[in-house]
Amino acid sequence: MKRKKKLSPQAQIYEKAWNDVVSEMSEHKRNIIINNFTVVSGHHVYENKYDQRVADEAAKEARIRGDQQIDALFPTGKY
């Protein structure tokens, strides 16, 4: 059995930001994020444009939150 690779502190911050964003979404949008994709070459692919837009908006918000947390933790930009 393959061992799961330990995530870097920065990756953990972004993963938590993603989980927070998705958990704050309406049940309808959360269902889209969790259930309406297929995996192609390791990437989540959403079949229709609305579902893809919901996922893109969530990813953008998670990136913004993650960036803010990293900037607060590492103000010099060095980590």
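Which side chains meet in a salt bridge with an N to O distance of 3.1 Å? In this predicted model, the side chains of R63 and D67 do so, a salt bridge being a side-chain nitrogen of Lys or Arg within 4 Å of a carboxyl oxygen of Asp or Glu. The model is a predicted one, in which local features need pLDDT of at least 70 and side-chain atom pairs count only at pLDDT 80 or more, whereas totals for chains, interfaces and linings use all residues. Residues are numbered from 1 along each chain as its sequence is written, and side-chain values use heavy atoms, with hydrogens and water left out.

The chain holds three helices and two strands, where helices (H or I, at least four residues) and strands (E, at least two) are DSSP runs numbered from the N terminus. From the N terminus on, these elements follow the order α-α-β-β-α. The radius of gyration of the chain, taken over C-alpha atoms, is 15 Å, well over the 12 Å that the globule rule gives for 79 residues, so the chain is more spread out than a compact globule; the rule itself is 2.2 Å times the number of residues to the power 0.38. Along the principal axes, the C-alpha atoms fill a box of roughly 40 × 35 × 20 Å. Of the 79 residues, 20% count as buried, where buried means under 20% relative accessible area, exposed over 50%, and partly exposed in between (1.4 Å probe, protein chains only).

With contact meaning heavy atoms within 4.5 Å, and with residues up to four places away in sequence not counted, V21 touches A58, E61, A62 and R65.

Charged side chains form four salt bridges by the rule stated above. K16 and D20 are paired in one of them, with their closest N and O atoms 2.9 Å apart; because these residues lie four residues apart in helix α1, they are separated by about one helical turn. K16 is partly exposed at 49% relative accessibility, and D20 is likewise partly exposed, at 24%. R63 and D67 are also four residues apart, in helix α3, and are therefore separated by about one helical turn. R63 counts as partly exposed at 43% relative accessibility, as does D67 at 25%.

A further salt bridge joins R65 to E24 (2.8 Å, N to O), and this pair links distant parts of the chain, with R65 in helix α3 and E24 in helix α1, 41 residues apart. R65 is partly exposed at 24% relative accessibility, whereas E24 is exposed, with a relative accessible area of 54%. E24, E61 and R65 are linked in a network of salt bridges.

D51, found in helix α3, is buried yet has no salt bridge, and the nearest side chain of opposite charge, R53, is 8.5 Å away (Lys and Arg count as positive and Asp and Glu as negative, while His and the chain ends are not counted). Leaving aside neighbours within four places in sequence, D51 is in contact with I32, N36 and Y46.
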